[in-house]
Structures are given as C-alpha cells and as structure tokens.
Amino acid sequence: MSLVTLRDINLGFGHPSLMENINLRIEEGERIALLGRNGCGKSTLLKMLTEEVLPDSGEIQFRTGLVVARMSQQVADDITGKNYAVIASGLGEMGQHINDYHHYSLQTDNPSAMQRMHHAHEKIDAANAWHFLQRIEIILAKLLLNGEDDFRSLSGGQSRRVMLGRALVQEPDILLLDEPTNHLDISMIEWLEDFLLAQNTTLLFVSHDRRFVRRLATRIIELERGQLTSWPGDYEEYRKNREQMLAAELKQESEQDKKLAAEETWIRQGIKARRTRNEGRVRALEELRRQRLARRERVGNVNIAIQQSARSGKIVIEAEDVCYAYDTQPIVKNFSITIMRGDKLGLLGPNGVGKTTLLRLLLGELKPQKGTIKHGTRLEIAYFDQQRAQLDENATVIDNLSLGKDSVTVNGREKHVISYLQDFLFSPERARSPVNALSGGEKNRLLLARMFCRPSNVLVLDEPTNDLDFETLDLLEQLLVEYTGTLLLISHDRSFINDVVTSTLSFEGNGLIEEYVGGYDDWLRQRPTTAVKTKPAEKPAAPDTITKKQIKLSYKDQRELDELPQKIEQLEQAQQAMHDRMAEPDYFKQDKSELANDQKKLAEIDIELEQAYERWAVLDA
C-alpha cells in the first residue's frame with residue numbers, strides 16, 4: 001500500500017483554482033521533487049499532507065500509523081528558546097515533558113527543580129518515551145548543533161538546521177521540505193544532501209536548487225495551471241520529456257484554434273449558413289468554444305533584457321595589499337587583484353566569512369584599513385542586494401520601480417511601467433500591490449526589474465538566485481553569459497556559478513582569498529586537497545587541464561593510512577555500542593552524572609571519528 005494517496009483533490013482560494021482534480025501516490029523510499037512557478041500552490045500542497053490545509057473536495061488516504069513531518073520555508077516568529085527545546089517541541093506535549101526533564105535535571109541543588117523533573121520523569125515513563133531523549137542528542141550531534149544555544153541568536157543556516165531537527169525528531173515516515181537550501185552556504189548544502197541520502201527517509205521536497213534536485217530526486221512532480229504531472233526519472237529526463245510535451249501541447253492548441261476560427265466564420269455566414277446549418281456541427285462549435293474558454297494559459301517566461309551602457313575602461317577595479325578586519329578578526333588579508341573589463345568573478349565561502357564585505361570594499365562603500373583600491377573610468381554599476389534593502393516594503397511595486405513616474409526608459413525608448421512589469425510576470429493588479437505582500441521570488445524579480453531598467457557596464461549580484469524558478473534562472477544565466485560588461489557574483493547555486501563565471505575568488509580562512517580559473521567544479525579540482533571535504537555530486541563539465549603532481553607519502557603517513565580503516569571501524573563499533581546502550585528502556589533512570597559522562601564520551605567518539613574520516617580522505621587523496 002502507498003504511504004499517501006491523493007484522489008481528485010480540488011482547492012481554490014479564488015480564481016483560477018490552485019488544484020483541479022489532482023491525483024498522487026507516494027511510495028516508500030521515494031525522493032520526490034515538487035516543482036512549479038512561484039504562487040502555484042507547492043507549499044499549500046505540503047501543508048495539505050500535514051492536514052494544516054484541507055481540500056475543498058477529494059480524498060487523502062494515509063497509511064495507518066503514518067507520521068508526516070514538515071520543515072517550513074519560513075521560520076515562525078514565535079519560535080524561541082534553546083535549541084534543545086525547539087527540537088523537542090516537534091514532539092508536541094511529550095516534547096515539553098522531555099525538555100522539562102532535560103532542563104531541570106541540570107539544577108540538582110534546587111528542590112523545586114527536582115520536583116518538576118520528577119513530574120516530567122513520570123510522564124515520560126508512562127509513555128515509554130525515553131528513546132526520544134537519545135534521539136534528540138543524536139540529532140544535535142548529527143546537525144552539529146549545541147542544544148544550549150539560544151535559537152534566536154543563530155544565523156539563518158543554523159536556524160534551518162534546528163528546524164530540520166525539529167522535523168526529524170518525530171521519526172517521520174515522510175519528510176516534507178520546503179526550500180531546505182535557503183540561507184545555507186555551499187558546504188552546508190552538500191552536507192544536507194549527504195545527510196538526507198543517508199537517512200533513507202521518504203522525501204517530498206520543494207527546491208529551486210537544480211543541483212540539489214539532480215542529486216536527490218528519484219521522481220519529479222510538477223504543479224502547473226492547477227494540474228499535477230508526474231515525471232519518472234531524474235531532472236535531465238524531466239527537462240527533455242517536458243519540452244516534448246509542451247511542444248505537442250502547443251501544436252494541438254494551435255490546430256484547435258484554427259478549427260475554432262474556421263467554424264466561427266461559418267456560423268457568421270447568415271442566411272446561407274442557416275439554410276445548410278448542421279445541428280451536429282453547431283454542437284461541435286459550442287464544445288470548441290467551451291474548451292477554449294476553460295483553457296488555462298501557461299505562465300509566460302520573464303522577458304529580461306540587460307541595458308548595457310558605454311564600455312568602461314579596460315581596468316575596472318585594481319586592489320593592492322588590501323586588509324580589513326572586524327575587531328581582531330581578519331576578513332580580508334593582503335588581498336590583491338586586477339579586475340578587467342569583461343571579467344566574471346564568483347565569490348565562494350561559508351556564510352559570514354566576509355563575501356559581502358569584500359564586495360563593499362571593491363565598490364568603495366567601505367575603506368580598506370590597509371592597502372589601496374582604485375576604480376577605472378566610465379563605470380556604471382548596478383547592484384543586486386540579497387537583503388533587498390533597496391525596496392520600500394510599504395510602497396507599491398510600481399512606486400519601487402518608477403519612483404512615481406508612469407514610464408521607464410529601456411534601451412533609449414519610453415515604456416509604460418505596467419507594460420515593463422508585465423515582462424517580469426507582474427499582472428497590473430499585482431503591480432499595484434505593496435511590496436510586503438509579495439513572495440520571496442516576486443521580490444527578487446522586482447529587484448531584477450529595478451536593476452535592468454538602468455544602463456550598466458558592471459553588475460554586482462549578491463545571491464540573485466534565491467526563490468527564482470528554473471525558467472527564470474535559465475534565462476538569467478544566458479543573459480549573464482552574453483553580458484559584455486563586468487560581473488561580480490555571490491551565489492550558493494553551484495550550477496549557476498558553473499555556467500556563468502570565468503574565475504572564482506575563494507575565502508580560504510583567516511582573511512586569505514585565492515583566485516581560481518573557472519567555476520565551482522573547477523575550483524573543487526584546483527584547490528588544495530586538504531581543504532576538500534565533499535566530493536562534487538556531478539561529473540565535471542570539462543576535463544581538468546591542470547597537471548597534478550603525484551605526492552609520495554612518507555613512511556609515517558603511509559603507515560597511518562594503512563591503520564586508519566581499522567581505527568575507523570573500531571570507532572564506529574564504539575559509537576554503535578553507545579547508541580545501543582542509550583536505547584535500552586531503563587537507561588535514563590540511572591544517575592544524572594552517569595548520563596552526562598556517557599553523553600560526553602559519545603561526543604568525543606563522534607569528534608574522533610569525524611577527524612579520522614577527514615584524515616583518511618587527505619592521505620588517500
């Protein structure tokens with residue numbers, strides 16, 4: 001039996017409906033990517049599977065005892081407390097008892113705390129729920145989180161990990177993920193891919209990260225124009241088959257429109273038509289009219305065009321021995337570069353390492369504490385800010401674009417602001433809406449519209465791909481590849497970086513920044529082996545042109561390499577033994593000091609095992 005079956009589901013918040021007679025089966029072990037344009041109803045479908053939203057009609061059948069958990073796209077404002085408490089809250093009322101036991105057991109010198117701990121102990125014991133304490137500790141370790149850290153003090157990426165832990169603690173049969181890679185840096189995205197593949201949990205996920213979809217999805221479903229279409233196979237098969245289907249659909253609609261036009265001409269022939277009128281032909285015409293009226297047109301693609309100003313000077317930006325630090329933490333250290341006209345540079349590094357700071361230094365918004373930065377001549381800079389600070393949330397879309405004017409100038413010609421916004425998929429009604437009513441993808445499209453209606457010869461894009469659908473991403477890629485000006489790009493979309501940039505600036509730690517030829521995959525191949533922690537999920541786009549010297553290991557290193565597999569096996573056995581011990585029913589009834597010692601020992605084993613894996617990867621490479 002399928003885990004979940006949806007039959008003839010209908011749902012509409014107005015017209016047109018979000019879902020019209022959709023059907024879906026989710027089988028155990030599947031990893032399904034749910035694709036579709038912004039606003040088509042993807043998040044609503046996920047909420048329907050957790051019964052947060054009910055369909056207007058149709059039936060949803062769950063396998064008996066099925067547990068479904070969802071990690072939402074946005075972190076709710078009312079989620080507060082320590083990481084341990086937030087993860088435990090995924091268990092509902094029992095999670096509160098578990099958190100109370102954990103919290104008050106640390107206060108052994110407080111009689112009131114001991115009473116509350118005893119009360120929580122009884123509740124957990126009655127429900128035989130002690131294994132959840134072990135599961136929370138394992139999740140914290142696997143997600144590299146400190147249970148005592150305050151949730152509201154975390155970065156965007158860390159808070160996403162906590163929300164993932166909150167979903168995983170329920171031991172779900174189906175895990176629903178809504179844009180799980182948002183706000184994560186590349187290393188964290190790759191870690192998440194590995195983690196989800198190792199869990200063997202049935203997945204239904206929404207993502208605009210093409211590489212993430214390529215690596216995880218075993219099937220793709222697409223929600224478009226109220227219909228749900230299933231595409232077996234991987235992402236590449238989906239792209240090919242979808243193009244064939246759309247071509248056949250356009251051909252069929254064209255033939256139908258020609259037939260309708262011919263029949264409309266016939267019915268309007270007046271007396272001659274009435275004399276020879278065939279009632280069957282009239283009924284067929286009425287059916288053609290009905291079909292044409294019911295047809296839902298596909299959402300068009302964004303009509304983006306970059307306005308290029310006069311060429312800049314040959315040298316765009318020249319930096320020499322630039323240093324910048326916050327307090328004692330170096331962000332940029334002895335950095336030198338000459339950026340030439342036409343260069344397309346990508347910036348790679350973890351969240352918070354200083355990529356945006358480097359951009360601000362290069363653009364002159366920040367002054368270097370040491371070194372010099374010189375700008376070339378005739379620079380026209382257009383800037384895309386990932387924080388969207390350029391947008392007035394309370395003003396309308398139109399006012400954010402035109403500043404009260406009725407038209408914008410595009411390539412020297414006046415164009416009405418409504419017409420220009422329609423090129424970016426904003427209907428006239430949506431164009432008059434306030435910005436705070438827009439989705440994340442719509443806000444990014446508005447920023448692109450603002451940026452591209454002004455001439456430029458230098459584009460600076462800070463995370464432009466967040467929430468953009470695949471069609472818009474493909475078009476933006478093509479435009480940037482053809483752009484003859486200079487590009488500075490920050491992105492965690494590995495496919496986007498591969499396709500667009502000609503060289504990469506990598507933050508190597510401690511303020512050091514190195515330049516590599518090519519995109520993300522080229523950077524992986526060229527950077528020092530000791531820095532590589534994750535192998536690329538895909539084959540490189542082009543063969544490596546750099547000849548690498550084979551490094552002969554010393555006798556000591558070779559002996560260490562030979563002994564590491566046995567050491568790793570022993571550590572894994574010790575780790576499993578600890579997990580088995582913690583899973584025993586009476587384990588958490590023992591003294592608190594014993595529990596603390598075991599948790600400390602398990603953490604030490606986890607760290608030692610991780611170090612052994614990393615050391616083996618370095619020596620083996």
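Which side chains meet in a salt bridge at 4.0 Å, N to O? The side chains of Lys 567 and Glu 608 do so in this predicted model, and the legends below begin with that pair.

**Figure 1. Salt bridge between Lys 567 and Glu 608.** Lys 567 belongs to helix H20 (residues 555-582) and Glu 608 to helix H21 (residues 592-620), so that distant parts of the chain, 41 residues apart, are linked. Lys 567 is partly exposed, with a relative accessible area of 36%; Glu 608 is likewise partly exposed, at 35%.

**Figure 2. Salt bridge between Asp 493 and Arg 210.** The closest N and O atoms are 3.7 Å apart. Asp 493 lies in the loop between strand E18 (486-490) and helix H18 (494-500), whereas Arg 210 is in helix H8 (residues 210-216), 283 residues apart. Asp 493 is buried at 5% relative accessibility, and Arg 210 is buried at 3%.

Figure 3. Glu 190 is buried, with a relative accessible area of 5%. The side chain of Glu 190 makes a polar contact with that of Tyr 520 (2.4 Å). A network of salt bridges links Glu 190 with Glu 193, Asp 194, Asp 209, Arg 215 and Arg 494.

**Figure 4. Open sheet of 6 strands in the order E5-E6-E7-E3-E8-E9.** The pairing is mixed. Strands E5 (68-71) and E9 (227-232) stand at the edges with a single partner strand each, so one side of each has no neighbour in the sheet. The twist averages 20° from one strand to the next. E5 pairs with strand E6 (residues 174-178) in the parallel sense over 4 bridges, and Met 71 has Leu 177 of E6 as its bridge partner.

Terms used:
Residues are numbered from 1 along each chain as its sequence is written. This is a predicted model: local features need pLDDT of at least 70, side-chain atom pairs count only at pLDDT 80 or more; totals for chains, interfaces and linings use all residues. Side-chain values use heavy atoms; hydrogens and water are left out. Buried means under 20% relative accessible area, exposed over 50%, partly exposed in between (1.4 Å probe, protein chains only). A polar contact is a pair of N or O atoms within 3.5 Å; within protein, one must be able to donate a hydrogen and the other to accept it, and residues adjacent in sequence count only if both atoms are side-chain atoms. Two strands pair if DSSP finds at least two bridges between them. Helices (H or I, at least four residues) and strands (E, at least two) are DSSP runs, numbered from the N terminus. Axes are lines fitted to C-alpha atoms, for helices over the stretch in contact, and angles run from 0 to 180 degrees between N-to-C directions.
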